[in-house]
Each structure stands twice: as structure tokens, then as C-alpha cells.
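Student: I would like to learn to read features off a model. Please take me through this one.

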Amino acid sequence: MFKRLLMTTTLLFSLSLADEPLKIGIEGAYPPFSYVTPDRSLAGFEVDLANLFCEKMERECLIVQTDFDALIPSLNSKRIDAILASMSITDVRKEAIDFSNKYYQTPARFTVPKGSKIEISEEGLKGKVIGVQSGTIHETYMNDNFKKIATIRSYRNLDDGMFDLDSGRIDLIFADVVAVDTGYLQKEYGETLEFIGPE
């Protein structure tokens, strides 16, 4: 009797969870994948993808704007139920969360003020201030390879890093090519900033 009651309670609990909106964490500061519109709503490729997934699952979803470096902690603390973000699959991250198959992959590249004569080499980057987004593989790569010769400055989002680059507070940004190109160089920073060096 107790076992049957326990099974019924578990089933009811599962059904009640299915009625709750699925909370999907999306950054909202990584155009064109996710960004905040002038009316303060979230838009972008990953928002569209989340809506499509929810439609196909016939499930009500709630998109929760979450800083990139807070996505994994939010998932593990059950503040959100899933992450939909431009998050590279790494061995370290796989120890904390499970991943689906990747849905795209893009290269990274440096961005500088136009006319900069910076050479992308150990000697050329010596003493430079390089911006990266906190919690990304770009931050890890810069810290692993250039921290001894350059200052690595981490930003909560790419918006802040691009603003500082354009304002002359840092020398370079190292980030995803698609996000920088579509989200910034094809928009307000196209006249003042440019890619440099190889992908």
C-alpha cells in the first residue's frame, strides 16, 4: 500500500512539473544569437530556436535572461531548466552539465581599432590589454597562452568589452567572429573597429 502511494505521489509530482513552464536560460548580450531589443524583449537566433523547440515539444517555455558566466550555476541550482547559448563544449563543462549535439561552430579572432599596427604574435601582444568575455573559451585561451605577457581583462558581456575597445581602454578583443561581425562591426562599430590577424 505504501509503495503504491509513493508511486502515485511521484507520478503526480512529475505531472505537476510537466505543467510548469520550462525555464530556458539565454544570455541576451551576444548578437546575433541573443540580444535585447529597444522594447526590452529578447530576440535573436537562439531565442527563435528556443521558441521552435518549445513549439515542437508542445510545451510552454519561459526565457530567463542570464549572464553567460551564471548560466551553468543557474542550471545546477535549478533556477533554470535548460541553457540555450553559444557555449562551447569542453571537458571541464561536461563535468558540470550535459550537452546536446552542437548546432553551430564558429572561429574566434582579434578585433582592434582601425589603423592599429598590432602584430598577432607573442612579441606583438606583449604589454597589451586584451578583452575577453568572462566564462568563455576565449577567456580560457587567452589566460592559458598570453597571461604572462599581456593583461587579460574579462567582461560580463561582449557589449561592455566592445565599448571599452572603441573608447581606447583596451587594445584588442578576442571573441567569436560571427558575434563580433554581425553584432558590432556591421552596426555601430563598423567605422572604427576591424578584425586583425588569422582566425
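Tutor: Start with aspartate 91, which is exposed at a relative accessible area of 58%. Buried means under 20% relative accessible area, exposed over 50%, and partly exposed in between, with a 1.4 Å probe and protein chains only. Residues are numbered from 1 along each chain as its sequence is written, and side-chain values use heavy atoms, leaving out hydrogens and water. The model is predicted: local features need pLDDT of at least 70, side-chain atom pairs count only at pLDDT 80 or more, and totals for chains, interfaces and linings use all residues.

Student: With which residue does aspartate 91 form a salt bridge?

Tutor: The rule first: a salt bridge is a side-chain nitrogen of Lys or Arg within 4 Å of a carboxyl oxygen of Asp or Glu. Here the partner is lysine 94, with the closest N and O atoms 3.8 Å apart. Lysine 94 is partly exposed, at 48% relative accessibility.

Student: How many residues apart are lysine 94 and aspartate 91 in helix α4?

Tutor: An α-helix has 3.6 residues a turn, so residues three or four places apart point the same way. In α4 (residues 91-94) the two are 3 residues apart, about one helical turn. Helices here are DSSP runs of H or I, at least four residues, and strands are runs of E, at least two, numbered from the N terminus.

Student: How many salt bridges does the rule count?

Tutor: The count comes to 4. One of them joins lysine 126 to glutamate 123, closest N and O atoms 3.4 Å apart. Lysine 126 is partly exposed at 48%; glutamate 123 is exposed at 57%. Another joins arginine 156 and aspartate 67, 2.0 Å from N to O. This pair links distant parts of the chain, 89 residues apart. Arginine 156 sits in the loop between β9 (151-155) and α7, and aspartate 67 in the loop between β5 (61-65) and α3 (71-76). Arginine 156 is exposed at 51%, while aspartate 67 is partly exposed at 29%.

Student: What caps the N-terminal end of α7?

Tutor: Asparagine 157 does: its side-chain oxygen lies 3.2 Å from the backbone nitrogen of aspartate 159. Just after α7, glycine 168 has a positive phi of about 85 degrees.

Student: Which residues of α7 are buried?

Tutor: Leu158, Gly161, Met162, Asp164 and Leu165. Down the axis of α7, these buried residues fall within an arc of 160 degrees, so they line one face of the helix. The arc is taken over directions from the helix axis to the C-beta atoms.

Student: Which residues touch the most other members of the largest nonpolar core?

Tutor: In soluble globular proteins, nonpolar side chains tend to be buried together. A nonpolar core is a set of buried Ala, Val, Leu, Ile, Met, Phe, Trp, Tyr and Cys residues joined through side-chain atoms within 4.5 Å. The largest one here has 18 residues; Leu158, Met162, Ile170, Ile173, Val180 and Leu193 touch the most other members. Two or more residues each come from α7 (158-166), β10 (172-176), α8 (177-185) and β11 (193-196). The largest share, 5 residues, is from α8. Apart from this core lies another, of 15 residues, including Leu125 and Met142.

Student: In what order do β2, β3 and β4 stand in their open sheet?

Tutor: The order is β2-β3-β4, with antiparallel pairing. β2 (29-30) and β4 (42-43) stand at the edges with a single partner strand each, so one side of each has no neighbour in the sheet. Strands pair if DSSP finds at least two bridges between them. β2 and β3 (residues 34-36) have 2. Tyrosine 30 has serine 34 as its bridge partner in β3.

Notes. Polar contact = N/O pair within 3.5 Å; in protein donor to acceptor, adjacent residues only side chain to side chain.
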